[in-house]
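Morning, everyone. I have one structure to walk through today.

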Amino acid sequence: MPVFMFITGYFAKFKVKRLLTYIIGFLVTKSIIVCLDYFVGGQPISLFEFFVNIDWADWYFFVLIFYILIIALLDKIKNTKWLIVIFVLTLILSIITPFFECFSYILSSARFFAFLPFYLAGYIVKRTNFSLNVNKKASIAIKSVNALLVIGSIILVLLTDLFTNRALFGAYSYSTSRCNVWIKLLIIFIAFNYILFFTYTAKVDKKIPLITELGQNTLLVYVMHSVVVLPIGYLDLINFNPVLNYILSIVISLQTVLVFGNKYINIPINKILKSSK
């Protein structure tokens, strides 16, 4: 998600149409989630649940509504040094806010601060045309270290219990997620390392069949994964032995990506998004 937010910030530009797109995206996504909660989970429908408790994929559009308004203000700042200061302040806030229980799913306040630095990083990189101007040897060295750190972080996540799921969600306090400020700093470091890795790997000229198409349509995959995950959770459909549960989870995940990631399903979504550019 930090990489996704970085990309969103990189292409961020305040337009009323784009703001309306985010508002519509939130209302549609939240409506789907509330309907699933009501008809499948038997949860009551309330204005609080709709507009205040932002706990599924709807949070993405919700925070973007406010992020794009922030961009409207930042566009008025001409001195790039102040942009860096603001970025550092948001980074500090993302580390401080988990100390307080009040930052949670309510109005997606925890995620608002957790992912804002990555969004602003993308915006600042694009606006300042930032790039690492180094010689070939230095470039190879940086890429090699970056790749090793990516591999190391994957091993760290998969083979240790250092990171809890809640710590990675960015929606919980330190105490609730069994996390601390040092783990938070490590998560931020790993996230920016992934972003750096993406900037190298994204410069591939050749399109890879299916993979490229799925990669271009990840927004709908993320938004619609709630349609798959919520019924499975409510109906307890994956409740076998751990190995079979894991295999079924992988199969369902791949099917979700293939169904919602193809260009035919994404045609109406892409039309809406393009109209906001």
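The protein chain has 14 helices and 0 strands. Helices here are DSSP runs of H or I with at least four residues, strands are E runs of at least two, and both are numbered from the N terminus. Along the sequence, the pattern reads α-α-α-α-α-α-α-α-α-α-α-α-α-α.

Ground rules next. This is a predicted model: local features need pLDDT of at least 70, side-chain atom pairs count only at pLDDT 80 or more, and totals for chains, interfaces and linings use all residues. Residues are numbered from 1 along each chain as its sequence is written, and side-chain values use heavy atoms, with hydrogens and water left out.

Now the chain overall. Of its 277 residues, 36% count as buried. Buried means under 20% relative accessible area, exposed means over 50%, and partly exposed is in between, with a 1.4 Å probe and protein chains only. Contacts are heavy atoms within 4.5 Å. Among contacts with a separation of 6 or more, 80% join residues 24 or more positions apart.

On to helix α2, residues 16-39. It has 24 residues and reaches 34 Å from first C-alpha to last, close to the 34 Å expected at 1.5 Å a residue. That expected span is 1.5 Å times one less than the number of residues. Its buried residues include Arg18, Tyr22, Phe26 and Lys30.

How do the axes of α2 and α12 cross? Helix α12 covers residues 218-235, and the two axes come within 10 Å and cross at roughly 10°. The axes are lines fitted to C-alpha atoms over the stretch in contact, with angles from 0 to 180 degrees between N-to-C directions. The pair is therefore roughly parallel, the class for angles under 35 degrees; over 145 is roughly antiparallel, 65 to 115 roughly perpendicular, and the rest oblique.

From α2, the contact uses Thr29, Ile32, Ile33, Leu36 and Asp37. From α12, its residues include Val223, Met224, Leu230 and Tyr234.

Cysteines now. There are 0 disulfides, meaning pairs of cysteine sulfur atoms within 2.5 Å. Cysteine 35 is partly exposed at 37% relative accessible area. Cysteine 102 is exposed at 57%.

Last stop: asparagine 146, in helix α7, residues 136-159. Buried or exposed? Asparagine 146 is buried, because its relative accessibility is 2%. Leaving out residues up to four places away in sequence, asparagine 146 touches Asn193, Leu196, Phe197 and Tyr200.
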